[in-house]
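Trainee: Could you take a close look at one part for me, the interface, and then connect it to the rest? I'd like it in one go, with the cut-offs included.

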Amino acid sequence: MRLRSLLPHVVSIGLLLGAWTLASRALGQGLVPPPATVLPVLGSLLASPPAWAELGLTLARGGLALALALGAALVLGVPAGRSATAIRLLGPLVAALQSCPPVLWISLVMVWAGTGETVPLAVVFATVFPPLFANVAQGCMAIDPRLFALSRTYRVPRARVLARVVLPGVVPYLLAGLSYALSAAWKVAAVAEYLASGEGVGARLYWAYRMLDMPGLFAWALVLVTVGVGLEMGLVARLRRMAARFSPTTRRSA
Amino acid sequence: MIELFDVSKSVAGRPVIASATLVVPPGRCLCLAGPSGCGKTTLLEIAAGLVRPDRGRVRLGSPRVGYLFQDDVLVPWLGARGNIAYVLDGPARERRRVAGEWAERFGLPPSVPPPSMSGGMRRRLNLARTFATRPDVLLLDEPFAFLDDHWQEVLLAETAAAMERGAAVLLVTHQTRPLAGLDCDLLELDRDPDGGPVRIAHGVGGGANRGPGSVPGGSARNGDATRAAPLPGPLSGEPSVRPASHPASHPGPRLPGRLANRLLTLFCRY
């Protein structure tokens, strides 16, 4: 069973290493350093505290921006979802914001706030907030309106309505939005760092590229991919399962 | 006290209630019986303040309202106890305790959520929640639906006990048979032969002044009904003393009843 669950990973890594070695043979070691060159570089990276600091910084930026977006989405999405008018009026705006590519935000924030800490934070926020907001509002809208009528009739305190009806109702939608936002936050944080920051995984990637340090570039790329896969297979998959467990079919009372 | 004065309501351009005036003094019960679609539920929703009438005034003597909805209105992710505790007042632990007692009293497992319940259990949970708040104003929409004889008796006992406590009860139903066990004024809303709006005039109020359609209370079933187990105490911790109630012998508030004895007019477009 254990072996069986490992098999896809073994196959994927094997294929990757094979294609990589072939590409290295075909294009030359200067352009595509073979795994045998890159893996020791990666090993020395993993042994050095500064590299971990860079990794931690990117994760912290992504995480912080995600947390801020999540908070803002809850604070704004719940009242918006309670009003059909608000949803109708805000729909196109949210769609427009969602279709903005991260590079647009990066250029704008760089002009407004300069390079540095603000850019990755602001860009990740701008990227993940609209879908989270839309999901929260949608989840709130999907709550049986009779539950609000009930709460009004029995004069249930607002905080209790929020804690017992609104938040549990929003959770499945929030989890679905979060599973997207989580992987997006990691990727966008790296892009923002690449273009507008001196530190973090994205910035290391940029400097490796500028110095034409191909083994370093590949090593950082491996870090980026590994963490991305880890997030996707660890957290995101778990969130999806949780969302499915909370799905409306199992929650709706007849 | 439930007072509706000259209330009218149209839904989607169709007049549902042309004019309704009714008064239910504390400790009294008014039952509206009639065919479905004649605005009974709308009237209750107006009384509960959930629907704003196009015209007219609504006054409830107390903010403590118990509303039994026609359909199940239950929080699907809360258990029976959680659903009852949701509408109670007081500190969380006390609400939980009282809710647990009510769940037990209505034969409901405390932690099972509504989607995993049978239809009858869900109905009982709605009932338990309605009475758990010890309401002064009781609005019951088709309370006998999905209940077998035993639970109908429990429902009647709870309603009688609430009236004993001074609750005003407004009840709408199309099943009038179970009402024999309850001291209430029955108002039949009939279909008009011409297909136009139906007009019903009925005096509401004191026990002595019942209309011709009312069902006299005090049958043998009252004795059975009041034998139900004592209610869990109120949240304040005040001892739950309940005298053996006998709705038939309950005099009912006469003087205010007379004064408030207004004409109820219900235009019921069918």
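**The interface and what stands behind it**

Mentor: Across the interface of chain A and chain B, the rule turns up 1 salt bridge, where a salt bridge is a side-chain nitrogen of Lys or Arg within 4 Å of a carboxyl oxygen of Asp or Glu. Keep in mind that this is a predicted model, so local features need pLDDT of at least 70 and side-chain atom pairs count only at pLDDT 80 or more, while totals for chains, interfaces and linings use all residues; side-chain values use heavy atoms, with hydrogens and water left out. Residues are numbered from 1 along each chain as its sequence is written, with chains lettered from A and ligands numbered from 1 in the order in which they are written.

The salt bridge joins the side chains of A:Arg146 and B:Asp71, at 3.6 Å from N to O. There are also 6 residue pairs in polar contact across the interface of chain A and chain B, both residues at pLDDT 80 or more. (A polar contact is a pair of N or O atoms within 3.5 Å; within protein, one must be able to donate a hydrogen and the other to accept it, and residues adjacent in sequence count only if both atoms are side-chain atoms.) On the side of chain A that touches chain B, the elements giving two or more residues are helices H7 (145-153), H8 (158-196) and H11 (248-251) of chain A. H7(A) supplies the largest share of that side, 7 residues. Helices (H or I, at least four residues) and strands (E, at least two) are DSSP runs, numbered from the N terminus.

As for extent, 21 residues of chain A and 27 residues of chain B take part, with contact meaning heavy atoms within 4.5 Å. Chain A and chain B bury about 2,100 Å² between them, 61% of it on carbon and sulfur atoms. In chain A, the residues losing the most area to chain B are A:Thr153, A:Tyr154 and A:Arg160, together 32% of what that side buries. Buried area is the accessible area (1.4 Å probe) that two parts lose on being put together, summed over both.

How far to trust all this? pLDDT is the predictor's confidence in each residue, from 0 to 100. Among the elements of chain A, H7(A) has the highest mean pLDDT (93) and H11(A) the lowest (46). Residues 248-254 of chain A sit below 50, with 19 contacts in the model beyond near neighbours in sequence. Chain B has a mean pLDDT of 73, and 70% of its residues reach 70 or more. Its stretch 193-270 is below 50, yet has 168 contacts beyond near neighbours in sequence. Where pLDDT is low, the predicted coordinates should not be read in detail.

Now for the sheet in chain B. An open sheet of 5 strands runs in the order E5-E6-E7-E3-E8 (chain B), with parallel pairing; two strands pair if DSSP finds at least two bridges between them. E5 (65-68) and E8 (185-188) of chain B are the edges, each with a single partner strand, so one side of each has no neighbour in the sheet. The twist averages 10° from one strand to the next. Helix H1 (residues 40-48) of chain B lies across E3, E5, E6 (137-141) and E7 (168-173) of chain B, at about 155° to E6(B). Helix H5 (residues 149-164) of chain B packs on the sheet too, touching E3, E6 and E7 of chain B, and its direction also makes about 155° with that of E6(B). Axes are lines fitted to C-alpha atoms, for helices over the stretch in contact, and angles run from 0 to 180 degrees between N-to-C directions.
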